[in-house]
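Thanks for asking me to look this one over. My comments follow as numbered points, which you can read with the model open beside you.

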Amino acid sequence: MKRNTGKDATIKAFVKTDPRQLKTVLVTDCGSTTTKALLFERKEDRWHQTFRGEAPTTVEEPVADVTVGARNAFVEVQELSGRQILNAGGDKPFEITAASASTGIDLYLSTSSAGGGLQMLVAGVVSSITTESAERAALGAGAIVMESISADDGRQDFERIERIRHVKPDIVLMTGGVDGGSTSHVVEMAETLVAASPRPRFGDTLKLPVIYAGNSEASAEVQEILSKMAQVVVVENVRPELERENLGPAREAIHDFFLSHVMSHSPGYGKLMSWSPVRIMPTPAAVGDIVQAYAQKTKQSVLCVDIGGATTDVFSVFPDREGEPVFNRTVSANLGMSYSIANVLVEAGAANIKRWLPFEVSDAELSDRLRNKMIRPTSIPQALDDLWLEQAVCREALRLSLAHHCSLAVGIAKKQERGIADVFRQSSSRYELVDLMKLDMVIGSGGVLSHAPSRMQAALMMVEGFGLQGVTQLSVDSVFMMPHLGVFASVSPEAAYEVFEHDCLVHVGCAVVPVFPAKISKAESLAEVHLDGKLLGRISQGQVSTLSTAHSGQGLLRVVPLHGSVDVGAGPGQVTERTVRLGECGILCDGRNRPVAPALLSPAQQLAVFEALGLTGGAA
């Protein structure tokens, strides 16, 4: 498949793709509602993110041309920077030049989640084996998995067919069976797909894109069956063996189909693609790439969340039992802060939201206020109570999204011998990868976290929402530039990393959360906190406090348990030492244990926490 299409092929002849020659790069993220354009420039010391422009996305009617919104965002960048970016006339959208001090750019890149992003259907044979691997492949490629179908999902054939017809996916990923295994169930699933004959969302005259990544011995028969109603691409099996996943080829095929089918047939995207020599990436895939790159560069375990109005994406990189870093992404398509805020209420329950509030509110009033937010999704809190309520919902959205993520972010234990029962029961070989005690860094992104009135509010939302444990670095994405940096990294990883480290990440502080058995006396302190050899203070049981530091650079944090059963990351009673980046929030200490006891989550208790952290007055 050709990755770069479009009428204006001459643009590419002028674009410098040698990263060593790049000086000025313009990147857009075309979101569902807003198109964000960022300008990256190489200065004498390093790469910088210099100017930013925004405009409404115009993929929907009446404009129905995504490039209109992109050009509007370019105009704002041009006006703020004083750099002539757009041509006065002609077909070329940019001044592609040697990037003088005031004219032109070297390269244009873009990501996109407009039109609902990439929506997929996955199908397999065993839900806990091949279908689950297919989900991880699709999610890692930046897709929203609208439905998962498997031979053992308990549904009748007619129910599967009805559901498949209802979904209308952009792409189908079909898997099933290990290489050399039985082919009958895979063939039956292909016949079910043909019987349903689903239509893609875009391009009514085109065949549905289907990627087959199952048992290689069934590939010819499956391709013959599906070719009647779909454009089929066969790639390597996502689960060639029970103890091994191979997600890379399927993810690459998803990216190719995303470009050639989903993007090329969306309003205006053919023109947008012609502006860049690098393929448009799904926004979540770009975020995942920069998270992986950062984890690899720093050799840390990382948890990243992007909480939006309709969905919450969670990304993680944790080592498996062999020590190899494993990347996972999940999307909770029904958990968000505006369009899906009522779904958070339904899934979490009113009691769970109210436990984070420092004031009393009835269930009816809570429901009314959240539904008003859903009706007016672009409104922002006008009073302190409204802000606290929105942030309480955020905590529950984070909690539920992380639980969903943990259920799919699993490792597969390697075994020498397996019984026949293990083929259909994965509980003996699957294990959770996410271990909060071994988590090094949390990155928060999305309006409610990145644009919280105070950084301490963002820190507390992540600590309480995720239920953090041990010692964890806290940071936020300053202006949501991670998608831009993800696609930039595909051209120049070093430049993207420089901007990510210096301009994107805001190191808020560090959380220290001891975990201990309930038998410890309430009067006891839990641990001492030292920084660069100096005692900062102690963590009191049941209390939340912050320990200020004299500087905001790096420091050696040493946490000493004061009881043999207190665990701060290295095991019960063991001292934990870690070099941390300090921010304006200092060191946030939470002595409420995990899970937090209900008695510590009353309005009075939560108000005391806010007062201790300075969140009840001007800071809010």
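1. A definition to begin with: a residue is called buried here when its relative accessible area is under 20%, and exposed when that value is over 50%. Please keep in mind throughout that this is a predicted model. By this cut-off, buried residues account for 57% of the 620 residues in the protein chain.

2. Now the overall make-up. The protein chain has 18 helices and 24 strands. If you take the contacts between residues at least 6 apart in sequence, 68% of them join residues at least 24 apart.

3. Which of its residues are buried? They are Thr283, Pro284, Ala285, Ala286, Val287, Gly288, Ile290, Val291, Tyr294 and Ala295. Just past the end of α9, Lys299 has a positive phi of about 55°.

4. What does α9 lie across? The helix lies across β11, β12, β13, β16 and β18, and runs at about 25° to β12. These five strands belong to an open sheet of eight, whose order is β13-β12-β11-β16-β17-β18-β24-β21 and whose pairing is mixed. The edges are β13 (325-332) and β21, each of which pairs on one side only. From one strand to the next, the twist averages 20°.

5. I would zoom in on β12 next. Seven of its eight residues are buried, so the strand is largely enclosed by the rest of the structure. On one side, β12 pairs with β11 in the antiparallel sense over six bridges, and a hairpin of four residues joins β11 to β12. Here the bridge partner of Ile307 is Thr312.

6. Strand β12 (residues 312-319) also pairs with β13, again in the antiparallel sense, over eight bridges. In this pairing Thr312 stands opposite Ser332, and Phe318 stands opposite Val326.

7. Strand β19 (residues 525-531) meets β22 (residues 554-561) in the antiparallel sense over five bridges, and Leu531 stands opposite Leu557 in β22.

8. On to the packing. In soluble globular proteins, nonpolar side chains tend to be buried together. The largest nonpolar core in this model has 64 residues, and Ile353 and Phe466 touch the most other members. Which helix gives the most to this core? That is α13 (residues 384-408), with ten residues.

9. Ile353 deserves a look of its own. Apart from neighbours within four places in sequence, Ile353 is in contact with Val344, Leu345, Ala348, Leu366, Leu370, Leu389, Ala392, Val393 and Glu396. A second, separate core has 49 residues, among them Cys30, Val77, Phe257 and Ile280.

10. Finally, helix α18 (residues 603-612), where the buried residues are Gln606, Val609 and Phe610. Why do they line one face of the helix? Viewed down the axis of α18, the buried residues fall within an arc of 95°, and therefore line one face. They pack against α13, α15 (455-466) and β21 (544-547). In this way α18 meets β21, which is an edge strand of the sheet of eight. After α18 comes Gly614, with a positive phi near 70°.

Definitions and conventions
Residues numbered from 1 in each chain as written. Predicted model: local features only at pLDDT ≥ 70, side-chain atom pairs only at ≥ 80, totals over all residues. Heavy atoms only, no water. Pairing = 2+ DSSP bridges. Helix = DSSP H or I, 4+ residues; strand = E, 2+ residues; numbered from the N terminus. Core = buried A, V, L, I, M, F, W, Y, C linked by side-chain atoms within 4.5 Å. Buried < 20%, exposed > 50% of the residue type's maximum accessible area, 1.4 Å probe, protein only. Contact = heavy atoms within 4.5 Å. Arc of directions from axis to C-beta. Axes fitted to C-alpha atoms, helices over the stretch in contact; angles between N-to-C directions.
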